[in-house]
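I set out to record strand pairing, helix packing and contacts between parts of this structure. The entries follow the order in which I looked things up.

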Amino acid sequence: MSINQNANAGALPNFRNLGILLRILVIVDGMCLAAALLKTSEPLPLMEELIDLSALVQPVLILSLLVLAGANNWLHRLRYPYAIATLVAIELAVTTIVYWFGLTVFQAMGALERYWVFTLLVTGVVAGYFELRGRALSPALTEARLQALQARIRPHFLFNSLNTVLGVMRQDPRRAETMLEDFSDLMRVLMADNQKLAPISGEIGLAKQYLGLEQLRLGERLMVEWDITGMPADALIPPMVLQPLLENAVYHGIEPRSEPGTIHIRVHRDGDRVHIHLRNPYRGESDRHSGNRMALANIRERLALHFDAESSIKTIADDESYRVHIVVPYLRDRA
Amino acid sequence: MAAEQPLRVLIVDDEAPARNRIRDLLSDCASRLSVEIAGEAENGRRALALLPQCNADVVLLDVRMPEMDGLEVAQHIQKLEEPPAVIFTTAYDAYALKAFEVHAVDYLLKPIRLARLFDALVRARSLAPPRIEVLRELAPSARTHLSVNERGRILLIPVADIAFLKAELKYVTVRTAEREYLIEESLARLEQEFLGRFVRVHRNCLVAKDAIRGFERAIGDDGEGHWMVVMNGVTDKLAVSRRQQHIVREIGKLS
């Protein structure tokens with residue numbers, strides 16, 4: 001089974017992801033502050049109240065996160081309702097354990113049920129938050145987003161490619177056949193349900209097919225340099241991350257030039273991170289940025305959905321070139 | 001019909017397979033319409049160089065090309081004595097298509113259908129050349145070059161090389177480091193098109209901001225002192241009108 005980095009709503013978050021853990025800490029501590037504020041708003045008593053609350057909440061929180069991180073893979077194999085039930089059971093158990101330890105330290109603890117209610121409340125809020133976040137970020141769940149996703153291949157590319165096929169059809173029918181086959185592959189991936197992470201090697205293959213099509217159209221004007229010797233072929237990334245970026249590189253970097261230009265692609269691993277670098281020539285005067293922004297926003301969103309704070313995407317434009325740098329955690333399919 | 005001269009077509013597209021395709025289609029037309037390929041060009045500059053000699057009746061002109069787009073090329077083409085008909089070709093350009101429709105400018109969508117191309121070519125002879133005002137309106141950005149017709153050839157003047165533009169009667173003098181040209185355009189339009197590149201120093205004069213070296217004081221005919229613009233590359237000194245005095249401070253390169 002793979003680690004379920006699933007984009008679907010109705011799935012637990014990945015408890016081994018730093019970003020997810022931070023979000024949980026912020027939510028729970030935020031709720032503590034709210035609870036304390038309900039009792040008093042004077043600065044000093046507020047501090048005391050917070051310290052009292054924290055003495056119980058923090059151990060529960062930290063112990064929970066440890067248990068959840070440990071049980072993460074196992075939890076994700078369960079169906080969502082069972083996973084939620086298990087999560088609640090774990091939380092109640094952890095609360096009970098901490099309560100017993102608490103009894104040995106503090107005299108007045110009140111009833112255990114009170115703590116259970118608080119734990120249930122917090123668990124509900126956190127689980128609800130991740131459910132909503134999954135929905136908001138999941139592209140497949142709203143029609144508009146699906147359409148935006150599929151609009152990534154520009155009509156410009158679509159019609160120009162078809163025109164190129166027609167242009168070589170009579171002189172070189174075999175080449176036209178290969179082009180149409182590559183084109184079908186691209187379209188198939190594009191129309192597919194692109195929610196699961198996939199090995200980067202497949203992405204590279206797709207990118208090569210795409211660039212091959214463009215090379216036929218643009219001839220010597222498009223040159224490509226690959227540096228993927230340091231690439232872990234099994235690293236998982238969201239599908240269709242590279243292709244839209246390359247399409248931007250061709251559209252903004254190569255097509256506006258009459259002299260040849262080179263697109264550089266470098267993928268390498270650095271410890272538990274995988275780096276993807278793209279570079280293309282750029283004059284900085286193109287006024288058609290909106291397509292580029294759309295593609296970037298889309299990729300940023302999908303990276304966030306899969307990897308949260310552990311991934312990043314940066315763009316740098318200077319006088320001569322435009323660069324994109326993507327960092328994702330090195331994850332493998334543990335089949 | 002048989003006695004009619006063949007229709008000469010110039011193909012302009014930056015992509016070789018796209019030009020191939022049009023050649024194929026033109027040969028398909030040949031059985032029903034007398035057509036000839038007058039030439040092929042992979043960019044606008046080359047097309048403009050070919051046009052005076054190749055006697056084209058029709059130009060099939062790609063809209064999106066590097067350096068100079070088809071809409072600008074079409075404007076320069078109008079400088080010819082007898083400009084050929086222009087039919088734009090484009091794979092996809094939502095903005096241009098809407099504008100073409102509005103102004104009844106002829107265009108073909110790539111991939112081009114044989115029947116559509118045939119119809120467009122048949123119509124081409126009777127087609128009035130697109131009006132330059134319409135083309136200007138269609139162009140999404142400022143031209144990269146100005147152009148003049150000199151002894152039947154189209155001379156391109158890179159906008160980046162222009163030091164100043166000066167209105168004189170019905171012409172505008174265009175001054176570059178090398179020489180002077182006369183063009184028939186309005187200074188106000190030029191100012192609007194190249195907003196930000198030029199600054200108006202006088203009612204009849206626009207100066208390229210990049211070309212300004214500084215300003216100096218001079219005594220005019222009326223005996224009053226006023227500012228003159230000193231430029232890089234050209235020796236002319238241009239007077240700054242009283243009304244435009246404020247630019248001296250704004251540009252602030254006092255010599």
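**Strand pairing in chain B**

I began with strand β8 (residues 162-168) of chain B and found it joined by 3 bridges to strand β12 (residues 205-208) of chain B, the two running antiparallel. I took two strands as paired where DSSP finds at least two bridges between them. Helices (H or I, at least four residues) and strands (E, at least two) are DSSP runs, numbered from the N terminus. Within this pair, B:Leu165 has B:Leu206 of β12(B) as its bridge partner.

The model is predicted: local features need pLDDT of at least 70 and side-chain atom pairs count only at pLDDT 80 or more, while totals for chains, interfaces and linings use all residues. Residues are numbered from 1 along each chain as its sequence is written, and chains are lettered from A and ligands numbered from 1 in the order in which they are written.

**Strand pairing in chain A**

I next traced strand β4 (residues 261-270) of chain A, which pairs with strand β5 (residues 273-281) of chain A in the antiparallel sense over 7 bridges. Here A:Arg266 stands opposite A:His277 of β5(A). The hairpin has 2 residues between the strands, and A:Gly271 takes a positive phi near 65° in it. I also found β5(A) paired with strand β7 (residues 321-329) of chain A, antiparallel over 9 bridges. In that pairing, A:Val274 has A:Val328 in β7(A) as its bridge partner.

**Helix packing in chain B**

I examined helix α1 (residues 16-29) and helix α5 (residues 114-124) of chain B, whose axes come within 10 Å and cross at roughly 70°. Axes are lines fitted to C-alpha atoms, for helices over the stretch in contact, and angles run from 0 to 180 degrees between N-to-C directions. α1(B) and α5(B) are therefore roughly perpendicular to each other (the class for 65 to 115 degrees). I listed the contact residues as B:Leu25, B:Asp28 and B:Cys29 of α1(B), with B:Leu114, B:Leu117, B:Phe118 and B:Leu121 of α5(B); residues are in contact if their C-beta atoms, placed from the backbone, lie within 7 Å. By class, this contact has 6 nonpolar, no polar and 1 charged residues. Ala, Val, Leu, Ile, Met, Phe, Trp, Tyr, Cys and Pro count as nonpolar, Asp, Glu, Lys and Arg as charged, and the others, Gly among them, as polar.

**Domains of chain B**

I noted domain 1 (7-138) and domain 2 (150-251) in the assignment for chain B; such bounds come from an automatic or database domain assignment. The C-alpha centres of these two domains of chain B lie 35 Å apart. I found 7 residues of domain 1 in contact with 4 residues of domain 2. Helix α2 (residues 44-54) of chain B supplies the largest share of the domain 1 side, 3 residues. That side divides into 3 nonpolar, 1 polar and 3 charged residues.

**Contact between the chains**

Finally, I looked up the chain contact, where 21 residues of chain A meet 15 residues of chain B. On the chain A side, α6 (155-169) and α8 (200-218) each supply at least two residues. α6(A) gives the most to that side, with 10 residues. I recorded the chain A side as 8 nonpolar, 8 polar and 5 charged residues.

Key:
Contact = placed C-beta atoms within 7 Å. Parallel < 35°, antiparallel > 145°, perpendicular 65-115°, else oblique.
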